[in-house]
Amino acid sequence: MWFFLRHNNEHVVKVSDSMSNTKAEQVNANLASQDVTARLRALILGIFIISGACGLMYQVVWVRMLSLVFGTTVYAVSTVLTVFMAGLALGSYAFGRIIDKHRSPLKVYAALEIGIGVFAVLIPLIFFLLENLYTGIYRSTHPSRSTLTVLRFTLSFLILLIPTTMMGGTLPVMSKYLVRQKDRLATRVGLLYFANTLGAMIGCFATGYFLIQLLGVRETAYFAALGNLVVGFIALKINKTCPPLEESLVLSPAAVAEAKRERTPVVFRLVLWAFALSGLCALAYEVLWTRILSLFMGSTVYAFSTMLSTFLCGLALGSLLIARMADRHKNLISLFGFIEIAIGILCLLSIPLVKILDPASRAIYETIPFRTWWRWMGSGFFVSGIMMFIPTLLFGATFPIVAKIYTRHLERLGRGIGNIYSVNTVGAIIGSFLAGFILIPLIGIQKSILAMALVNGGIGLLLVLSSPAGGRWNKLAIAVLTVLAFFLVASRIPLNQPLVIFSQNIYRQGDKLLFYNEDVDATVVVLEGTDNVRRLYANRNEAAEDSRWDAPSHKVIAHIPLLLHPNPKRALVIGFGMGVTSYAITCHDVEVDAVEISKGVIDANSYFVDANHHILDSPLVHIEVDDGRNYTLLTEKKYDLISAGIIHPGVSPGSANFYSKDFYDQCKRILTPKGVMSQWVPLHYVTPENYRIITRTFKSAFPNTTLWFKYTNNFMILIGMNEPLQIDFQDFDQRLHQPKVLADLASIDVDDPYTLLDSFMMDADTIDQYVGEGPIHTDNRPYIEFSGGKDLQRVVFVNLGGMLPFRQKVWPFLVNTGKSPEEREQVKARLDRYFEATQYTIRGEMLCVVEQYEDVIGLFRTALRINPSDKNTRYLLEKIIETFTIKSLNRAATLRSQGRLDEALALMQKIVALDPSFAAGYNNIGFLCQEMNNYDAAVKAYKQAMAVDPNLVDARYNLAMLYANVLGMYPEAKSELENILEIDPQMTRAREALEKIKQLGY
């Protein structure tokens, strides 16, 4: 029987009826003499670091592999992660009991590590068989969504159970070997937990940033397998040179029977359950913090690696810092309770920290003097650290404390460590599910943090009150102070403010928040800017906007391939977005299956009905909420067009999968014989090397690829067909002039076949010359995911500049261009005129990126002189003049405020020279000339403003004041003021000025 003694407020945790004090002292002396040396301890910690690193490598790689089979929906990924963690819990529980009966823990540990390594080598074959099994079951049974989730869970469980169970067993097994003395239990267990978690952090960081990029996905798994095998053989080598455990550390049959009879005191069961709830809270916070940070850091592969690495770093350091203290501290239950209370308060305080994330990130980025990659990575870790580092430090501190409290006999150490590790992991599974699937959709992220903080505080308070140490009044005071602290902190936190308003990368000054939804899979936001443009965001990633600038991206990726297909009937769109691409397809009376991974994006579509013409009400459109890769893997439908939507390869983990050779092969399987594959490819935030890899990869899957570009400088289109390109001009023209098709294209200034055909840029052979030899992007070698920290500001300029010399005319690929030689020659001449003009337009689009606006305007005007019919170039010219004017006005205002009037005047003169119709520009020139005492020039400028826009009352008023106050020309001033009041009778200052002049007798 175990019982507690309280003496001088010190909590004594152990007294056993089965062992006398004398015998206990003798055993401790024997154990002290058998303790592992410092050198051996360092070696063991070293191999445990490697083991932890391999474990996280497997988690990252296996989840990635299985996501390609099951999909990257939050349900599919959560299923895989749940099974992974369940295996860890099962392994720690089972092997914790097994190892107490063995005198050679290192042998067992070596067997576990070698077993993990061997299994990892077999993984590619197992996953290949799994994919065939999964697709076979799906296609034969067509299960419901809930049944499919059960199927995924079952298959994941069968595959991951063996290796994850072995992984879960390593901590209790190694703890059994390393811990030889009760008074060093927390120190040794804390060191092991630190080593394993530090390894996990290293594995996460290395895999996310380097290994997959350098080696590949499968090869990273093999590398981790090699690490496990090496660790296993080192453990065997150590075991040969070290004696087995002392008999007293091994659980005998009699001790097993006694353990079964022995009743665990209530306070120990409370500590165990508290640790389970602590694990629940820890993983819930990880989910919640990740969702917050994704609004500020994005949700790229790098961003998630950074967040998880920061989380693991905190856990590791917390365990290391508290371990030695836990062995010396007498009142551990109260200490555990105080830590939980502190976690709750600190996690509550993480909510207002959201306001400083963007400013802090920018400050650290500008402070770090190193090269771009280090600046970029450092700012990411700094922002993650602000949010989660100190709370995770405290979470890490709880493990050695609980290990010390719960483990009462060294011969049952494995069982104790196994119990606490397994319940903590089960709690983590529940916490992850609870936060992601219940709390966020139900009450939102901030209130979910509040709920978890209250759980931490409740745990902590219960532990403090249950501790045998401390007086009744002390505990009452602690309870009152804890409740008061939580109340004061929670009452000052604005829990209902949408988090998006604090992200400067999303929310702009003056934006109106139309839609904000924290759903299971993403935080979906719709904002309307001061320019009346509505923008759709999923986390930090802008999915679409209803501007004229962005519209061609969504429309031409549908219209061009459909006009190239002789008779399209059914299309697949991956990435529904705001529905504009789906609407463009229905204009051709083609049925659409649209696959969208985020239900929140579908729900937000009511704010884009003007752009998509109420597309969700169309009988031709069918929505599937699913991962696009999973859909193409499983579907048996055939399509005449597959459009891979507007999905940037760098926005989130899994997005680059839609640019891989494996994905294109899946698409080829479900294309009809004359089917067309359309791939939108961004020119922005894609390095020139990756841009060529994307093009080369698409071409490797579709040999008859053509490349199309023209309408804006941020995207191009790859079109893949089974046959070489041949366009029936008359059919193309006739189908383009269908009323719905023409109206949709006219909205982006494309109202004739010449403008659309002129976007042709390269055929298959020329693409080969452009991209050259090099790597292709596959699921195993995802080259294009890794561009973090590189300078991406000028990539559009470089990408366009690389393509321009290879641009071809479309004429050689046209047939049926006219009934007579004269008609054919007219078509050719018009296409030639378009081609020549567009050469200047493309150069202008290049120079837009480097903000050489005057040169851009000149190039666009040259293009329009050659081809006045090109409405798209006319739109681009108007857009760039508007952009240049706004930037120049802001710059001129800054120069004026600095007293640099000559420079401000020169800039304003440049503006009106480029846009002589800009009346406000002449008004500004007049004002600057007046400040410089050049009154004749000021009068001239005001009159020019009035000539351009007679209703510009500001120019008339400025001229009137110049006449009256400076030049003494009161009759002229009176005349201008009277003209103003005819235009705007409500202009008070003009009326008051006129009255003063009349009082002077004029």
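The talk below takes up confidence, the sheet, its strands and a pair of helices.

Biologist: What makes residues 1-33 a stretch to read with care?

Modeller: This is a predicted model, and pLDDT, the predictor's confidence in each residue on a scale from 0 to 100, stays under 50 over residues 1-33. The protein chain averages a pLDDT of 87, and 92% of the residues score at least 70. For residues 1-33 the model has 46 contacts beyond four places in sequence.

Biologist: Why are strand S9 and strand S15 said to stand at the edges?

Modeller: The open sheet has eight strands in the order S9-S8-S7-S10-S11-S13-S12-S15, with mixed pairing. Strand S9 (621-625) and strand S15 (760-762) each have a single partner strand, so one side of each is left without a neighbour in the sheet. Neighbouring strands of this sheet are turned by 25° against each other on average, direction ignored.

Biologist: How do you know that S8 and S9 are paired?

Modeller: Two strands pair if there are at least two bridges between them, and five bridges join strand S8 (residues 591-596) to S9, the two running parallel; therefore they meet that requirement. One of the bridge partners is isoleucine 623 in S9, which belongs to alanine 594.

Biologist: What joins S7 to S8 and to S10?

Modeller: S7 runs parallel to S8, with five bridges between them, and isoleucine 574 stands opposite valine 595 in S8. Three bridges join S7 to S10, again in the parallel sense, and here alanine 571 has leucine 641 in S10 as its bridge partner. S10 in turn pairs with S11 over four parallel bridges, where tyrosine 639 stands opposite leucine 671 in S11.

Biologist: Why is S10 called largely enclosed?

Modeller: A residue is buried when its relative accessible area is under 20%, and five of the five residues of S10 are buried, so the strand is largely enclosed by the rest of the structure. S7 is mostly covered, with four of its five residues buried.

Biologist: Where does H22 lie, and how does H22 pack with H23?

Modeller: H22 lies across strand S7 (570-574), strand S10 (639-643) and strand S11 (671-682), running at about 150° to S11. Helix H22 (residues 661-669) and helix H23 (residues 688-701) pack at an angle of about 35°, their axes being 9 Å apart, and their crossing is right-handed. Lys661, Tyr664, Asp665 and Lys668 in H22 meet Thr697, Phe698, Ser700 and Ala701 in H23; by class, this contact has three nonpolar, two polar and three charged residues.

Key. Residues are numbered from 1 along each chain as its sequence is written. This is a predicted model: local features need pLDDT of at least 70, side-chain atom pairs count only at pLDDT 80 or more; totals for chains, interfaces and linings use all residues. Side-chain values use heavy atoms; hydrogens and water are left out. Axes are lines fitted to C-alpha atoms, for helices over the stretch in contact, and angles run from 0 to 180 degrees between N-to-C directions. A crossing is left-handed if the near helix is turned anticlockwise from the far one by less than a right angle, and right-handed if clockwise. Contact means heavy atoms within 4.5 Å. Ala, Val, Leu, Ile, Met, Phe, Trp, Tyr, Cys and Pro count as nonpolar, Asp, Glu, Lys and Arg as charged, and the others, Gly among them, as polar. Buried means under 20% relative accessible area, exposed over 50%, partly exposed in between (1.4 Å probe, protein chains only).
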